[in-house]
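Please open the structure in your viewer and keep the selection tool at hand.

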Amino acid sequence: MTAAKHPLDRVLPLLEPDQPAILANAAILEVQDLAQLIEISRDPKIGRHLLARLSDTVALIDPGAEEELIKALRAAGHTPRTAKGGEP
Amino acid sequence: MTKSALPFVLSASRDSAEPSVDNLDATRAQRAARFWTGKWTGSQAKALCIERLKSAWRDPKRAAEVVAALPPEHRAVLAVVRRYGGGISGSLLRRELLARGIVKEPKREDRLSYHRETDPVHELCENLVLLGGYRDYWSLGSSRGYSSVSLPGRLASHIEPAASLDWKASAPVDKAPDSTVLRAPAQVLIDLEQTARALQAQGKWKVNQGGALPAAVRNRLAKVLPPQSGDSLEPPDRIVLDYTLLCAMGAAELDEAEGWLIPEHVETLANLSQEAQASMYVRAWLTLRTWQDGIGAVPDRDNRDESTRIDPSSMRKARDLLVWALTRVAHSQIEWLDLETFLLDLYKVTGEDGLSFYWHGYTWQPHFATAAGKDKLPGGFERSRAYWMDDEGIWAANALLSTMVHLGVVERGRSGGVRSERWCFRLTEVGKAVFGAPEVRIEKVAGDVKCLTVQPNHEILLYLDTADGPAVTTLGRIAARESATGVVQNFKLTRDSVYAALEGGMALAEIESFLASRSRNGVPANVAHSLSEWSRKREAVVVRSSVSLAAGLPDGQSSIRGRSVGKSLVVASSRAAGKGAKDLGIAVESEAMCRDWKVDEHGTVSLGKTVSFVGKARLRRFAEPLDGRWRITAESMRAARELGISSDQIFGWFTTHMSHEVPPVLATAIRNWAGGRCKAFLDGVVLLQINDLKAFEALRRSERLRPFLKGALAPGCFVVTEEGRKEATKLLRDLGFSLDAECKIASLDD
């Protein structure tokens, strides 16, 4: 038996750090469900700014590409809320 | 009911003035000391006099005694200065004192003679009761005037401000005008608010000297701001006027190169009462240097050879005197004032040296009967007045009937046909409060006024006659303006406008509450549904920045507390992450630490000892893992291309992670793989190489060889057609060439 492949493995693989690490001043994208993350990450104009999947609803944004990502999301008809800091 | 208390519109806002004794000469020090402390038989040394003066000034009782002992005309002067908030310009002071009969114009025969003046202002200045304004009291009569004076703070409390002056029109207007134009206060605010919004969208903008807007910025603003109202007397460069007003009111700040908006100052302005807003507009207008009435935007520089604007100090003086006249109008029982009559009266009360400058080419050129045939009039009062009416008078007409109407403080009237046209004006309700302050106040009902209608098609009608500042600014934040004219203006709620408001910090509940409290018909159900739907969609996608991401954490760790977002992944505040990193001995990734990639021509990427997880995540987007290293291949690049990753993005990552240059052939390959295929030719050609450049040139020009050539490849090299090879060989032999030379090829290292 092999583990079932995740639908996002090809487009947005799971983050796999080699050792414990902390990334300061990071930016993440949060969505409501997996389907939405699939839809967003499969759009090349948006997906190019994402680096890895953290979970089915959270992705790591390429550092420094937040503004570009927000522009791309808006251009694709999304209305992303922008927030700062770790609290939801 | 509330009553607003505005300051006198011409009052100076300044810190309490205190006399400076450092520059006093001995004579002045002795005189002032004698005035403040009485006769003194001791030493008259300057230092001792100053000591006595300072001692008297420290005594509040002495200040009251000094004021009480002043002659009535001196106290009247101080009362005028007090009315102006304790500081007044020399030109205004002179007009006030003349109008109140405290001083008189010098007689004609005195104008060209030197004589000792007895002038209350000069005496008060000499005795240091008023500050500034001092000059030699031997003066040439025709140039009599004052410089600015101010009242020391300790004296101000002993003096009541002077009462207002009124205005007497030399000829009344016997009937109301045929048509009138006025702007509601809310309309003025909407325009300013929209200009502020357009400026805010620019982020920072470039400025010329004095904060003037460069043409490129003006053009950008004009594109996003609604079209002009079509009013033929609308101020020239209306957007620049609004911009300069915003700057003068502190809503925008400037340095030498750039300007930027202070949104909270716009908010503060909007929350003032309408008359307080208008008072600020007028006070700001008095100071404008890069926009002039009837002219428009002007540079903040002057040119002796070619006029660029009216001299700013003359302009300030003219504006001061015009406002001074309007403060008098506000205290009179006059309804409509005929424009030409008012200007003639203004000339009479401000004199030849009142409004005094030269300009031509105003945007509105009214024709005044008293200016007609000015050059044919004999020298004297009428001729001077006619010239004044045709220059300074036209400026004042533009300021009154264009600028002041734009600011919402004057209502413009017009009567008669094209040839018999007469203009008149009166102060609006707000204008009366602004110019009549502090005595004239307007009463109004407190509380939120219902000034909107929200329609099911998401359009919002704003009724300017009842709208207030908060309604205008809140609506500007949540809805897009669709029309810019009329008493009822159209706005529209759109997903984008509501999204911008929410992103700007408004909560959905605030928007709903605003519409519900201000709408005359409530909020239609479908509009309420749209609002909550748009808000819900916004919440569905969140871009969260400035977080710390801890990855690969040991199971059960509690040093880094935050929100778990995946297996061994925690999103935490930077403080919590920093503290936890120390406790757990985990490195915080930095850019320097990430600079550990080494790439060769084969596309093999080797990493350093500590692998940055951002670096690894980036590599996974365009390279394949291979024996503990990574390899960039045509296949991996094809996959990256499908993900939308461009070669430029990859080169950007290389810059971050590498300390050496990407091998050029790999860089070319990456560009090729990413879709920008570089074309190449690889096949055989018949090459004719001539080592002697003179011989090469001779053959190039030869008609005999030309039929066998395809062209030239490089200096000294022809490409011969395959079919013409034999003929070319024969011809070259015939011409005596030896065909046994070796092909000369430059080394790749040369």
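The stops below concern a sheet and a helix in a predicted model.

**The sheet.** Select β7, β14, β15 and β13 of chain B. These 4 strands form an open, antiparallel sheet, in the order β7-β14-β15-β13. At its edges lie β7 (179–181) and β13 (337–338) of chain B, each of which pairs on one side only. Strands of a sheet pair through backbone hydrogen bonds.

Next, select residues 410–415 of chain B, which make up β14. This strand runs antiparallel to β15(B) and is joined to it by 6 bridges. Within this pairing, Arg414(B) has Trp423(B) as its bridge partner. The two strands, β14(B) and β15(B), form a hairpin with 6 residues between them. In the turn, select Gly416(B), which has a positive phi of about 85°.

Now move to β13(B), which pairs with β15(B) (residues 422–427) over 2 bridges. Leu337(B) stands opposite Phe425(B), and Asp338(B) stands opposite Cys424(B).

**The helix.** Which residue caps the N-terminal end of α14(B)? Select Asp338(B) again: one of its side-chain oxygens lies 3.3 Å from the backbone nitrogen of Glu340(B). Then select residues 339–350 of chain B, the 12 residues of helix α14. Of these, 10 are buried, including Leu339(B), Phe342(B) and Tyr347(B). Among the elements that cover the buried residues are α13 (312–330), α16 (392–406), β13 and β15 of chain B.

Notes. Residues are numbered from 1 along each chain as its sequence is written. Chains are lettered from A and ligands numbered from 1 in the order in which they are written. This is a predicted model: local features need pLDDT of at least 70, side-chain atom pairs count only at pLDDT 80 or more; totals for chains, interfaces and linings use all residues. Side-chain values use heavy atoms; hydrogens and water are left out. Two strands pair if DSSP finds at least two bridges between them. The expected span of a helix is 1.5 Å times one less than its number of residues. Buried means under 20% relative accessible area, exposed over 50%, partly exposed in between (1.4 Å probe, protein chains only). Contact means heavy atoms within 4.5 Å. A polar contact is a pair of N or O atoms within 3.5 Å; within protein, one must be able to donate a hydrogen and the other to accept it, and residues adjacent in sequence count only if both atoms are side-chain atoms.
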